[in-house]
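Please examine the sequence and the structure shown below before reading on.

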Amino acid sequence: MSHREFIEVSTNEREIQFDPNELQLDEDFIDHVDGEDNPEKFLSPFLLVYNIKPFKECNRQVFMRGVPVIAYIEGIERHLRGFKVRPSTLYMVRIVHGDFTWTVKKKFKHFEELHRELLKHKLKLQVIQPLTRLKSIHGRGHASGARQEPRAASVPALPRQPQWTSMRSASSKQMAFLDVSELSFVQDLGPKGLEGMIVKRSGGHRIPGLNCCGRHRVCYRWSKRWMVIKDSFLLYMRPSNGIISFVLLFDKGFNVQVGSKDTGAKYGVMIENLSRTLIIKCSSYRQACWWKQEITNLAERHGQDFLTEHRFDSFVPARHNILARWFVNGSSYFSAVADALEQAKAEIFIADWWLSPEIYLKRPAKDDYWQLDNVLKRKAEQGVKIFVLLYKEVELALGINSDYSKRTLTSLHSNITVMRHPDHVSSTVLLWAHHEKLVVIDQSVAFLGGIDLAYGRFDDHEYRLTDLENPDQVDHKSELILDHNNADHSERHQESEDFSNEKPKEHLLIPDQTNQKFWLGKDYCNFILKDWVQLDKPFEDFIDRCTTPRMPWRDIGVVVHGGAARDVARHFIQRWNFTKIVKAKYKAPLFPYLLPRSHDTADKLPFVIPDCVTSNVQVLRSVECWSAGSCESSIYNAYLQVIRDSEHFIYIENQFFISCADERNVYNRIGDVIVDRILKAHNAGKTYRVYILVPLLPGFQGDITTGGGNSIQTILHFTFRTMCRGEHSIIERLKLDMGDDWVKYISFAGLRTNAELDNKLVTELIYVHSKMLIADDRQVIIGSANINDRSMLGKRDSEMAVLVEDTEMVTSIMDGEEYQAGKFALRLRLQCFKVQLGILDEHTPDIQDPVSDRFFQEIWNATATTNAAIYDQVFGCLPSNSVRSLSMLRDFVSTPVLAAEDPEQAREKLKSIRGFLVQYPLFFLCEEYLLPPLNSKEGMIPTEVWT
């Protein structure tokens, strides 16, 4: 049967509108939708998506309260071949319910079936129920032993919603006739699309690794499901229990086809995206075409953003007029996350490489109110659904103990659900990690960047090395800590009656009003000196804070609102749903499928983080089939394009700097593009600056006084290979064209600070963990992606970032001339420069122009060189340009330092330190081969792990 075999008639000529007020019905005949589960019981109406009832239950919350359902007869479709008019005629009915409009096509027999069910309903209301009532009243009268005269006033009112099985069946048939379900009129899910009962085929998932052996192509089964089409996704549910069984997100691979050739089934419809090919079967070719038409039309009208190619090959376009705010360091970031979590009404999404449940979000902590696990527990008890995605590490290689984090969170409340991924054997993913750091509130406000909700990340612009403001509390705390950590973990979450004679031990850990410490227990760390151990004992110190300085942590975060937050949430949802599919243990209803909210309501913000700037924001990713079911490297593409298009300068802060492709060990070309851009400026005789800020040492445990160990040396090898050593390095390639003039264009630096601990001078590097690029004070990339192949190529670690492009301009200076700089980018760059140069409380115009010779040479480079020289004189710091071989290293560490020989003179010299900026030691161990021996543990690891 083809489209030409039926015709349209009577369209819009007869509109029949039914008003319930015109019907002559007794109040008791009207079926109400009051139900036990109504939106008022939830913090947010969106929570109804997690409370879908079995289809045969009578208390399903489907329609909006007090809003009429109006039907219009639009026309009919009549089959030309048939001799029987009624069975082959389709009636088109347009239905309006509030702001929702949809069309259903029904045969005459469907009207007859509905009519019969309604007659049964009316019969029960008029005959059966009154008899049952009278019998019940008569029985109660005999039971009380008293004789009562029957009076009309004594007969109680009939219930508004009868509780008979047949009534449930009638209600279910009414819903099926109108093609509606609990998801039809949820405002945040967008317009109502086609719904109905279909038969779907199992399988079709594109799953890498050992999870899929192709069996579903041969062995499959057909199942009856209720399908719902929305503006950017479709789903189907089990009618028996109302559980959502699958969600298919529309993406660039979205396609709908009809016919046995594409589907392998008569009257089949194929719906596919990048991760699955779904086959459904309809009762006729006409119905199959109807499904295809409705799915395609809704997707193209409302979901076009997800179907087309976008700049940088991102899965989403740039969103306009987005409120965004940057955060320098974890202190302000954690505080804003805490305030946002308190505002959550429906959902909280958290994705982390590492999560420590016991960290404090606001410090110094005076009680346990802002302890992360308590914040999440408090919101879960209020009804908020909390979903957490954690990276499942290879335990032999990494000691972040994600299993402990999962057990701790899930034991708090049933509304907290945690998944870990990947399973390394079944997925064959042994080398790569989920590296995103996301917190999303109600799919409307999203935090991301480089900051995990984990130990060691909290810091501010002071970068303290010590935390002994209240030493008396250390001894007192240690006794309480011992009690806590010896207690069984499960005892922490028993009901209060289990502790009738004593206070729960967890309450002994609450910091009191005298606490002045910022880093409690495992939070006080120096991970190059000693990596974390015994994470299941969170309040127990693992290094001696009385003798060992902590390692400060520098990081950058960002918060975005509205449409950009929706895009971040969509990425989380894609990963969550993909993990649910690939891991058999997560297929249980305890781990529900998540649904993306519509961009139609993205501008209706429930709250706003203060001090935001309006800008254009595009969400970027690195994902691969193993991590999210699709492939993308838009972060890498954005880095390349932003650097190429920059006119005046770029400023980079990153945990790693491994680039300059050789097509053997390193493949990303970020370093190559930096070289090309500098050469372009040099050849044109124009001023151009590149600022690179990286940690002075990689973040691996090792004793740098003996060379640091194989892990530290391997990362140093690839870092120096990018910067200055070998034919592919940036400096060597620049020297070929300009000799020593390369110093006019690019600067490499790190951060260091000093303090006194136990009356001794101490110093430590500041660990730069940021992943940020600022270009021309107008564009900023902030995310979780390092500058290396792991983060950039997309095929390895999964990452997330945003490109923020300013739309609000302010007057500034660039290369000595007036310049319109972006408000977001300029403020961020100035904040970074002020902190690093030690002028946080001073107002100086010198840092306004980042490309002037005065700033670049006399302030930035001069400060870095002077500070580095002072630290070498006072402490003999490592790494150092004075140490070019291991033999020189041995002599260097054996030489007495000024801080020990003459502390007073050392203190005088340290007064000349300005800020934290130090020159990066480009000649450190330059005479040594830093790659690990092949017979070592590190040498056996594939090169891709390091790069």
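Which cysteine sulfur is closest to the sulfur of Cys625, and how far away is it? The closest one is in Cys631, at 3.5 Å, which is too far for a bond. A disulfide is a covalent bond between the sulfur atoms of two cysteines; here the term is applied to a pair of cysteine sulfur atoms within 2.5 Å. The structure holds zero disulfides.

The model is predicted: local features need pLDDT of at least 70 and side-chain atom pairs count only at pLDDT 80 or more, whereas totals for chains, interfaces and linings use all residues. Residues are numbered from 1 along each chain as its sequence is written, and side-chain values use heavy atoms, with hydrogens and water left out.

| Residue | Relative accessible area | Class |
|---|---|---|
| Cys832 | 0% | buried |
| Cys625 | 27% | partly exposed |
| Ser240 | 60% | exposed |

Ser240 is placed in the loop between β7 (233-237) and β8 (244-249); strands are DSSP runs (E, at least two residues), numbered from the N terminus. Its C-alpha atom is separated by 9.9 Å from that of Lys224, 16 residues apart along the chain.

A nonpolar core is a set of buried Ala, Val, Leu, Ile, Met, Phe, Trp, Tyr and Cys residues joined through side-chain atoms within 4.5 Å. The largest has 127 residues, and Leu341, Phe447, Ile674 and Ile746 have the most contacts inside it. Another core, of 118 residues, lies apart from it and includes Leu47 and Val768.

Conventions:
Buried means under 20% relative accessible area, exposed over 50%, partly exposed in between (1.4 Å probe, protein chains only). Helices (H or I, at least four residues) and strands (E, at least two) are DSSP runs, numbered from the N terminus.
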